[in-house]
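These are notes for a colleague who is meeting this structure for the first time. Please keep the sequence and the model open beside the points that follow.

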Amino acid sequence: MVNFGNDWDEVLKGEFDKKYYQDLRQFLKQEYSSHRIYPPMHDIFNAQRATPYSNVKAVILGQDPYHGPGQAHGMCFSVKRGVKPPPSLVNIFKELYDDLGIDPPPHGELTGWAKSGVLLLNTVLTVREGSPNSHKDRGWEIYTDRVIELVNQKDTPVVFLLWGANARSKARMITNPKHLILTAAHPSPFSANNGWFGCRHFSKTNDFLVHNGIEPIDWDLNDK
């Protein structure tokens with residue numbers, strides 16, 4: 001079934017046997033066999049493979065994967081090397097520069113953030129080509145809500161970065177007083193000027209982690 005190769009295997013033990021996931025799995029089998037679906041099947045769970053449960057220091061919540069060819073690879077907002085960064089990601093890099101003075105990298109792959117402790121989780125993990133939200137309400141939200149609940153249960157402080165209305169709707173699930181919730185507008189060009197630019201979430205995340213004796217996130221993706 002699903003194998004992460006890290007402590008998520010134990011933390012999520014039994015989750016993939018539940019009826020909702022079995023139903024979702026059957027739906028995905030049909031979708032992958034009859035349509036072009038992103039990301040590729042073996043990349044669906046890359047966010048959790050790259051960031052073990054015990055390593056999670058921050059969570060960035062996206063909506064569903066990019067629906068263009070070659071973009072999605074299982075981490076929210078991230079695209080594979082060699083793929084032009086989409087506008088939202090360009091705006092993320094602009095804010096990162098304004099906040100911490102880190103130059104935009106020559107690629108849009110965020111694996112370096114994942115390895116530094118950022119869980120790059122979409123709320124829906126698959127999508128049909130050219131059809132955003134096409135896999136909405138098929139069961140993924142049950143699964144990713146469970147992931148959020150499990151991170152909320154961590155004893156170590158975690159920063160939840162909730163960008164846009166869809167992500168902010170998950171704030172109600174983050175009840176552990178040890179954690180920090182940061183909210184902002186979505187970095188999309190349609191909303192970035194309404195509260196994304198100037199949010200300074202990258203420095204705020206690291207200030208919180210350092211204050212709690214946790215090594216900060218390495219946000220610099222250059223040469224990584």
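1. Helix H8 is followed by Gly213, whose phi is positive, near 75°; helices here are DSSP runs of H or I with at least four residues, strands are runs of E with at least two, and both are numbered from the N terminus. The buried residues of H8, which covers residues 201-211, are His201, Phe202, Ser203, Thr205, Asn206, Phe208 and Leu209, where buried means under 20% relative accessible area, exposed over 50% and partly exposed in between, with a 1.4 Å probe and protein chains only. These buried residues pack against S2, H4, H5, S5 and strand S6 (180-184), a contact being heavy atoms within 4.5 Å.

2. On the basis of these notes, this is a predicted model, in which local features need pLDDT of at least 70 and side-chain atom pairs count only at pLDDT 80 or more, while totals for chains, interfaces and linings use all residues. Residues are numbered from 1 along each chain as its sequence is written, and side-chain values use heavy atoms, with hydrogens and water left out.

3. The protein chain holds 8 helices and 6 strands, and along the sequence they follow the pattern α-α-β-α-β-α-α-β-β-α-β-α-β-α. Its radius of gyration is 17 Å, close to the 17 Å that the globule rule gives for 224 residues, so the chain is as compact as a globular protein of that length; the radius is taken over C-alpha atoms, and the rule is 2.2 Å times the number of residues to the power 0.38. Buried residues make up 55% of the 224 residues in the chain, and, among contacts between residues at least 6 apart in sequence, 66% join residues at least 24 apart.

4. Helix H6 (residues 140-152) has 13 residues and reaches 18 Å from its first C-alpha to its last, close to the 18 Å expected at 1.5 Å a residue, the expected span being 1.5 Å times one less than the number of residues. This helix is mostly covered, with 10 of its 13 residues buried, and among them are Trp140, Tyr143, Ile148 and Leu150. The buried residues of H6 pack against helices H1 (8-11), H2 (19-34) and H3 (46-50) and against strands S2 (58-62), S3 (118-122) and S5 (159-163). Glu149, also placed in H6, is partly exposed, with a relative accessible area of 34%.

5. Where does Leu110 sit? Leu110 is found in the loop between helix H4 (87-100) and helix H5 (111-115), and at 1% relative accessibility it counts as buried. Leaving aside residues up to four places away in sequence, Leu110 touches Cys76, Phe77, Ser78, Leu89, Phe93, Leu120 and Leu221.

6. Phe77, one of the residues that Leu110 touches, is found in the loop between S2 and H4 and has a positive phi of about 70° although it is not a glycine; at 10% relative accessibility, Phe77 counts as buried. Asp137 likewise is a residue other than glycine with a positive phi, near 60°, but it is exposed, with a relative accessible area of 61%, and its place is in the loop between strand S4 (127-128) and H6.

7. A cis peptide bond joins Tyr38 and Pro39, with omega about -5°, and Pro39 lies in the loop between strand S1 (37-38) and H3.
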